[in-house]
Amino acid sequence: MSAIREDFAEILKLVRPNARVLDIGCEDGELLELLTREKNVDGQGLEISPEGVAACLARGLAVVQGDGDRDLDHFPTRAFDYAILSKTLQQMREPRHVLSELLRIADQAVVSVPNFGHWKVRWALLSRGRMPETGALPEPWWSTPNIHLCTLRDFTTLCDELDLRIDACASLAEGKPARPIDPRQPIENWRAETALFLLSRRAEPQAAAAPPRNLFGEVELPEADAPVKRGRSRKA
Amino acid sequence: MTAQTPITAGIETGGGTWRFPASQPLRLDSGARLAPLEIGYKTYGRLNDAKSNAVLVCHALTGDQHLASTHPVTGKPGWWDRFVGPGLLLDPERYFIICTNVVGGCMGSTGPASTDPATNAPYGLKFPVITIGDMVRAQAMLIEALGIDTLFAAVGGSMGGMQVLQWAADYPEKLFSAVCIAAAARHSAQNIAFHEVGRQAIMADPNWMSGAYLAAGVRPEKGLAVARMAAHITYLSEAALQRKFGRELQRDGLSWGFDADFQVESYLRHQGTSFVDRFDANSYLYITRALDYFDLAATYGGVLAEAFVKARHVKFCVLSFSSDWLYPTPESRDIVRALNGAGCRASFAEIQTDKGHDAFFLDEPLLDQTLRGFLAAQANARGLA
């Protein structure tokens, strides 16, 4: 029990007993099993690697071989209480879309992201002029799976754009206890190596309300239903 | 009126032919009624006191109830005997395993070769067209007759997997878990096209005699063999065929004629000729038709998820094979998405193999591992030690 990963321990604290949980990128199912054992959750995993899927099945977990970029659209609205996306948002092709999908599928999302504004990252870039390799970002630029890195400030800005509420936030660092933080404090954008967020919607999800019908081409569909264009967040 | 013939050999614990009285007809999707209905079946293991350990295994197009029993015609071991037995995935010590011959089949269940009570001659083409739904309804009748309310699991590959999906749609309350391997929720145009080739081959055989060959004492063996040969290609992958045969010759040198020069030709001819010994040509027509008519979403306004909304308590395991081009992985993904859409808990894995559709009969360690993990977890949840 002492060997629980720090981020898992933090997620375990956030999740309500008996909740319905979707874990995206659940790997070998360690977190889902922990949540099932400790919180009696009704869990569903999504994992891309065949080894991960086999490991989850051996643990008796429900797991679908698939990925967050392609397979979230098929889950019904509010099918889960929590959607968990641990350290993989920056690996998604469409993080903005994934984030809004998480909060369509679930009432709350648990998302952790490495902070590109961390002082070690800034220092590596400033002093050596090379892509940083840190504890949270260990791989060289040519092999990293991280294609959409962001700073804490970038992330909170995106949450505002998507009208998401930050219910809780903790700073995580390898081998150290989690520290609750206010992610909007500029100092945290220097100090936090990885941040774990508990997010929820400010307003009801679009799909829950009856969407305007567009059968005859008279009514324009709302902006939120239009496919997300890449690069929009950069302009904002 | 029901009669059970206990035949016990090997690990079998029962089976034979279950005869339903004429007052209990099988109501068919076409509107017709089939009576009297007979179901050929085998059982392995024993039903526990709580009646909570029954597993129904559904067979594929040309399979039958000889799941883990020596086949009476070919003398070969059961078609899934590597999964059924002490210490294996389906352990008779733990489960009561049932396998039935589908209605329309030719190994003991009522089919086109059975006697039509109206004429006292084989049905032939007077046999009503049947569907996957009819097969499942007949299975449900037998399950009830055996005194079972709920199946611990329905398990099947290919057409068997389609029956499992139909079970989830039609009898969700009788299902605890479901395993669907290398199947699809509907037959594609390509699937139908291959079946049509097979049917035309049978019907082009002069010995088919418009389906009345049994009365004439002949069988359309050539046509059926060609049908089997064409279908068999779809069960294998190109890579598997290449690995197994390549361009290897049967003998030294070419015959400069139309003998089976290539090993692959000889193999296919053998598949064809050995098939006709154990299968009825009209059964092949009827069962392929049932497959072609299969489109689970069609009954639910074209929305597959609607088929599963009453099965939210059922735990699903859906598996596909990466090299299966008969029911390729996207077909299984569609099933999984519909299950997720319906709010069902589902597991899905694509098993990497180059053995094609038939991988489901073959030694595929990842398939074993996956099924073992899933069933063990479900058995645990069901309280089956």
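Chain B has 11 helices and 12 strands (helices are DSSP runs of H or I with at least four residues, strands are E runs of at least two, and both are numbered from the N terminus). The radius of gyration of chain B is 20 Å, close to the 21 Å that the globule rule gives for 385 residues, so chain B is as compact as a globular protein of that length (the radius is taken over C-alpha atoms, and the rule is 2.2 Å times the number of residues to the power 0.38). Keep in mind that this is a predicted model: local features need pLDDT of at least 70, side-chain atom pairs count only at pLDDT 80 or more, and totals for chains, interfaces and linings use all residues. Residues are numbered from 1 along each chain as its sequence is written, while chains are lettered from A and ligands numbered from 1 in the order in which they are written.

**Chain B and its domains**

- The C-alpha trace of chain B spans about 65 × 50 × 45 Å along its principal axes.
- Buried residues make up 50% of the 385 residues in chain B (buried means 20 or more other C-beta atoms within 10 Å of a residue's own, with C-beta atoms placed from the backbone).
- Chain B splits into domain 1 (12-186 + 296-382) and domain 2 (190-290), with bounds from an automatic or database domain assignment.
- The C-alpha centres of domain 1 and domain 2 of chain B lie 25 Å apart.
- Where the two domains of chain B meet, 29 residues of domain 1 are in contact with 23 residues of domain 2 (contact means C-beta atoms, placed from the backbone, within 7 Å).

**The nonpolar core**

- The largest nonpolar core has 177 residues, and those with the most contacts inside it are Ala83(A), Val55(B), Leu151(B) and Ala178(B) (a core is a set of buried Ala, Val, Leu, Ile, Met, Phe, Trp, Tyr and Cys residues joined through C-beta atoms within 7 Å).
- Both domains of chain B give residues to this core, so it lies between them.
- Leaving aside neighbours within four places in sequence, the contacts of Ala83(A) include Leu22(A), Ile24(A) and Leu102(A).

**Where the chains meet**

- The contact takes 21 residues from chain B and 15 residues from chain A.
- On the chain B side, helix 11 of chain B gives the most, with 8 residues.
- Over in chain A, the buried residues of helix 3 (residues 50-58) include Gly52(A), Val53(A) and Leu57(A).
- The buried residues of helix 3 of chain A pack against strand 2 (42-47) and strand 3 (63-65) of chain A, together with strand 12 and helix 11 of chain B.

Technical notes. A residue is buried if 20 or more other C-beta atoms lie within 10 Å of its own, exposed if 12 or fewer, and partly exposed in between; C-beta atoms are placed from the backbone.
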